[in-house]
Amino acid sequence: MAKRLMSLMAIILIILSACGNEETEESSEPDSLAPLEVEILTEQNLSKGDVTLSAHVTHDGNNINEADEVEFEVWQEGSKEESDMIKGSFTEEGVYEATYTFEEDAVYHMIAHVTAVDQHTMPQQALAVGEAELDEDQSSEDSNEEDHSDHN
């Protein structure tokens, strides 16, 4: 009888410890409800010529190194319909980059279109190229984000 009781207790102990491990594993996963965060790293004041557009992508405090899509949309002020889309490439630690050539001194706008972890966000930043200057409204445009979550 004592042997049966010990066997039963051992089985219960194994089951309980397996349940405990599942809870630990679940709690270590990132929170899928946390927002996708994109920080534009590109400076607002740039010189004409080739410039590296850059954004840092994170989710729940972790770098996203395999985003579904990262594209930089760039246009000269007043010419949104003539925007250019440039595919971003992963470089390191959640950072995506693309090269764009600014040919004129002007104010430009850039949106980083990022899709990852079933979410899409589009932070925007105004850019002053060459002798161009940003006015106060354009400077505050930095990081206006639109979040399009798609939680399935």
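Student: Which residue forms a salt bridge with Lys48?
Tutor: This is a predicted model, and a salt bridge in it requires a side-chain nitrogen of Lys or Arg within 4 Å of a carboxyl oxygen of Asp or Glu. For Lys48 the closest N and O atoms of the pair are 3.9 Å apart. The partner of Lys48 is Asp105.

Student: How many residues apart are Lys48 and Asp105?
Tutor: Lys48 sits in the loop between strand E2 (45–46) and strand E3 (49–59). Asp105 sits in the loop between strand E8 (95–102) and strand E9 (106–116).

Student: How many salt bridges does the count come to?
Tutor: One of them is the pair of Lys48 and Asp105. Another joins the side chains of Lys80 and Glu73, with 2.8 Å from N to O. The count comes to two.

Student: What is the geometry of the pair formed by the rings of Phe102 and Tyr108?
Tutor: A search of the whole structure finds three aromatic pairs. In the pair of Phe102 and Tyr108, the ring centres are 4.8 Å apart and the planes stand at 75°. Planes over 60 degrees apart count as edge-to-face. The pair is therefore edge-to-face.

Student: Which residues form one aromatic cluster?
Tutor: Phe102 is buried at 1% relative accessibility, and Tyr108 is buried at 5%. The cluster contains both of these residues along with Tyr100. Its members are Tyr100, Phe102 and Tyr108.

Student: Which residues form the negative surface patch?
Tutor: A patch residue needs over 30% relative accessible area and no salt bridge. Glu77, in the loop between strand E5 (69–76) and strand E6 (84–87), is partly exposed at 41%. The patch is made of Glu77, Asp135, Glu136 and Asp137.

Student: What is the phi of Asp60, a residue other than glycine?
Tutor: Most residues other than glycine have a negative phi. Asp60 lies in the loop between E3 and strand E4 (62–63) and is partly exposed at 36%. Its phi is positive, near 55°.

Student: What is the phi of Asp118?
Tutor: Asp118 is placed in the loop between E9 and strand E10 (119–121). At 45% relative accessibility, Asp118 is partly exposed. Although Asp118 is not a glycine, its phi is positive, at about 60°.

Student: How far apart in space are Glu71 and Leu53, C-alpha to C-alpha?
Tutor: Glu71 belongs to strand E5 and is partly exposed at 22%. In sequence, Glu71 and Leu53 are 18 residues apart. In space, the C-alpha to C-alpha distance is 9.9 Å.

Student: How many helices and strands are there in the protein?
Tutor: From the N terminus on, the elements run α-β-β-β-β-β-β-β-β-β-β-β-α-β. Of the 152 residues in the protein, 36% are buried. The elements are two helices and 12 strands.

How values were computed:
Residues are numbered from 1 along each chain as its sequence is written. This is a predicted model: local features need pLDDT of at least 70, side-chain atom pairs count only at pLDDT 80 or more; totals for chains, interfaces and linings use all residues. Side-chain values use heavy atoms; hydrogens and water are left out. Patches are made of residues with over 30% relative accessible area and no salt bridge: like charges are joined within 9 Å, nonpolar side chains (Val, Leu, Ile, Met, Phe, Trp, Tyr) within 5 Å. Accessible areas come from the Shrake-Rupley method with a 1.4 Å probe; for residues, only the protein chains shown count as cover. Lys and Arg count as positive and Asp and Glu as negative; His and the chain ends are not counted. The place of a charge is taken as NZ of Lys, CZ of Arg, CG of Asp or CD of Glu. Helices (H or I, at least four residues) and strands (E, at least two) are DSSP runs, numbered from the N terminus. Buried means under 20% relative accessible area, exposed over 50%, partly exposed in between (1.4 Å probe, protein chains only). Rings of Phe, Tyr and Trp (its six-membered ring) pair if their centres lie within 6.5 Å; planes under 30 degrees apart count as stacked, over 60 as edge-to-face and the rest as tilted.
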